[in-house]
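Reader: Could you walk me through this one? I'd like to start with the overall fold and then turn to the annotated site.

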Amino acid sequence: MNMMDPNMTAAPAPLYAKRTAVLPKRVDGPFRRFKWLVMAVCLAVYWGTPWFRWDRGPHAPHQAVLIDLAHRRFYMFAIEIWPQEFYFVAGMLIMAGIGLFLVTSAVGRAWCGYACPQTVWTDLYQHVDRLIDGDRNAQLRLNAAPWTPAKFARRMFKWSVYLGIAFVTGGAWIFYFADAPTLQREFWTGTAAPVAYASTGILTFTTFWLGGFMREQVCIYMCPWPRIQTAMLDENSLTVTYKHWRGEPRGSLKEAKGAANPLGDCIDCKQCVAVCPTGIDIREGPQIGCITCALCVDACDKAMASVGRPRGLIDYCTLIDAEREIKGEAVRPVRKVLLRPRLIAYFAVWGGIGLSLLFLLGARERLTLSVARERNPEFVQLSGGAVRNAFTLALRNMEDRPRTLRIAAEGLPGAALYTDDMAPGAARATIDVAVPADSTAKVRLYAVVPAAHARQQDFTLQAAPLDHEGRPVRRETHFAAPESEHEEHEEHE
Amino acid sequence: MTHDSSHHGKVIDHATGTAKVGHEWDGIEELDTPLPRWWLWTFYASIAFALVYVVLYPAIPMLHSASTGTLGWTSRGALAGDLAHEKAEHQAVRNAIAATPIEALAANPSLQRAAIEGGRAAFKVNCVQCHGAGAAGAKGYPNLNDDDWLWGGDLDTIQQTLINGIRYPGNDQTRSSLMPSFGRDGILTAAQVQDVVSHVRVISKQDPASAASARGAVLFANNCAVCHGANGEGNRSVGAPRLSDKIWLYGGDRAALTNTVTNAHAGVMPAWTGRLDPVTIKMLAVYVHSLGGGEAAPAPAPAAPATPAAGAAQ
């Protein structure tokens, strides 16, 4: 954001402007402490999750959260998701999306202010700045100072720390996709997959660049979410609000003494601007640069306390409550702000999807059969008059133990079955297929029906586990045959 | 990089101190916030990238082609490179298939799977024109899925048929036989042809026996049985189809049979040796054998025709 002097009236604005470095001042207060807590939790979850172990028996990996792209499996604690069950992941993503709507209509841009990775890492890097270069004023002085060897050394040191954090951040990502301890060993011995090094390199660079240098510009120029949110915010959304009706006309204590009329509460100490991580002046009103982190609330409360005025000149406030306050009416209780139809609707949709997913999770089959009927040719006339159809069966055993399934054709009289691995002469009424643990067995199945029964008919393929645990799985399918035995038709060989 | 004079005298937004662009829609106005300067740098960097790209890669359209670029890159060349790379990737598997006798492939499931898939791909390029995408054949072109084989259905026999072709001129090992045109060449009269057809309809269990078929039986024994067998069971050594089954290459109805006996048929398949490399031919044989009608290798001597699936279905 380019802040021009408000007193200027008619000068030409430049087309392009150099970014003004944002060097937020250290601040303490309840919101800052809450932000610390959220940062600690987010970073702990991000760095810690891949290292949780989870015993899944001898046939599956022992990592609690694992996106196993190579084997097309997604493990999340007790839940294992196969590719065809991806709707669970889609459902969780939809919940995350609607959750953002829900949070936005309840508490405004809380995601931006506290939990967004860009916010968390920018915050982390700004702490690094303050630790190495000192607080805001020291940083301003250093920025303006000429490039002496000392400044150069200090900058190199700081950027090395940036790079270290970026590397740890980018490097942690890959542990979600493979067994973390193994991958770490491979990573350091140079034997990990190239994609692991490439991912680490790319994410190290993006963290270094976006967190270390781009910072608030990501939120202001690059991120679509602030635009979506400005469309989603309404008069009931919590925004960080400068209560201008209380603060204006602003003026320092000295100016207040000499003023003809009494001034407002704002002492124009500019602490709200100094602590802002995106470098805006909240007193200009709601704006796209405000991520509602409420650090200015902490700063202003401190300033108000030091001059003996009540806190909350800058505070979370909805537009409706702002108008009530201006009119001198009481602010509505939180309960009333939260229990409004829009929020209840969002919550109902969000919770409904969550409950459906839980229900589906409990009801899903761990043994499935799918049947693809061969259509080219639909049927094969055999020399003895019998007719053969071919099917491709996918038997999915999603449990962590091997199972043997007995395949039978129900409702297909006289049918003899054989597979690719068998001689046609060994065809029989049922076939046993061993399916290894946590895997899919693909079987090409031939069904031969003698001439007497060879006609178009529907039937059911059944796969019954020989351990008799759980129901057999069934699939309706179709047996194709020549139109009629009596009609003249051409069968070629 | 400044506005021209016509932009002077802009209205300044009170809250931000930024000039307004001057448009208004229902009271909504636009601030003339300057773009960040790095954005401009990114733009210049893109231009620099484009200039380098134009020099290195084909870019400028000319009358008949485009400028070639100093790297000499072409999309055809890239495709050729990709294909060569794929071929090199497959070479180890192809070598292994080449080194394994065709009957021994089944003992190595992954190699057999690779051979079947390789054969499937080659079939789609070379064979579907006659045998169809599903290998189900057409009139005059055998269905390769069934259990009826003109020349034999074990791996080695299929491979030999592929290598040397059927009635293919210029290959002295090609499978060869010629049925006389009994009607056209006057060996049988039109009435006799009808009698033979009646007999064939009887032995294929399509019609009940009749006086005509009885006359035909004698004619059949004298003229046809030498190749097709006394009971029409066929003979693979000369590619004579079995006439007693349900499978017809040119049709089993009266008109089709009359045409066949009158004019005879002699289908041709090219010899694939020389057109395809030996490994591809081997993979094609394995693929065709895997379509459901493949037979086991015969015991020492050429075995009698076996129809196990049909037996199972009785």
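Author: Let me begin with a definition: two residues are in contact if their C-beta atoms, placed from the backbone, lie within 7 Å. This is a predicted model, and in chain A, among contacts between residues at least 6 apart in sequence, 69% join residues at least 24 apart.

Reader: What helices and strands are there in chain A?

Author: Chain A has 17 helices and 15 strands. Its C-alpha trace spans about 115 × 60 × 45 Å along the principal axes.

Reader: Is chain A spread out or compact, going by its radius of gyration?

Author: Chain A is more spread out than a compact globule, because its radius of gyration is 34 Å, which is well over the 23 Å that the globule rule gives for 493 residues. As for burial, 28% of the 493 residues in chain A are buried.

Reader: Switching to chain B, what does the pLDDT average?

Author: The average pLDDT of chain B is 89, and 92% of the residues score at least 70. There are stretches to treat with care, however: over residues 1–8 of chain B the pLDDT stays under 50, and the model has ten contacts for them beyond four places in sequence. Residues 302–314 of chain B also have a pLDDT below 50, with 37 contacts in the model beyond near neighbours in sequence.

Reader: And what are the ipTM and pTM?

Author: The model scores ipTM 0.77 and pTM 0.76.

Reader: OK, now the site. Which residues does UniProt list under "binding site"?

Author: An unreviewed UniProt entry places that feature at B:Met179, B:Cys224, B:Cys227 and B:His228. These positions are spread over 50 residues of sequence, yet they cluster in space, with a largest C-alpha distance of 10.3 Å.

Reader: Where does B:Met179 lie, and what does it touch?

Author: B:Met179 lies in the loop of chain B between α5 (155–164) and α6 (190–203). Not counting residues up to four places away in sequence, B:Met179 touches B:Ala264, B:His265 and B:Ala266.

Reader: Why does B:Met179 count as partly exposed?

Author: B:Met179 counts as partly exposed because it has 18 C-beta neighbours inside 10 Å, whereas a residue is buried if 20 or more other C-beta atoms lie within 10 Å of its own and exposed if 12 or fewer do.

Reader: Then what about B:Cys227?

Author: B:Cys227 is found in helix α8 of chain B, residues 225–228. With 17 C-beta neighbours inside 10 Å, B:Cys227 counts as partly exposed. Leaving aside neighbours within four places in sequence, B:Cys227 is in contact with B:Asn235, B:Val238 and B:Ala240.

Notes. Residues are numbered from 1 along each chain as its sequence is written. Chains are lettered from A and ligands numbered from 1 in the order in which they are written. This is a predicted model: local features need pLDDT of at least 70, side-chain atom pairs count only at pLDDT 80 or more; totals for chains, interfaces and linings use all residues. pLDDT is the predictor's confidence in each residue, from 0 to 100. UniProt positions are given in the numbering used here, feature names are shortened, and annotations may be inferred rather than shown by experiment. Helices (H or I, at least four residues) and strands (E, at least two) are DSSP runs, numbered from the N terminus. The radius of gyration is taken over C-alpha atoms; the globule rule is 2.2 Å times the number of residues to the power 0.38.
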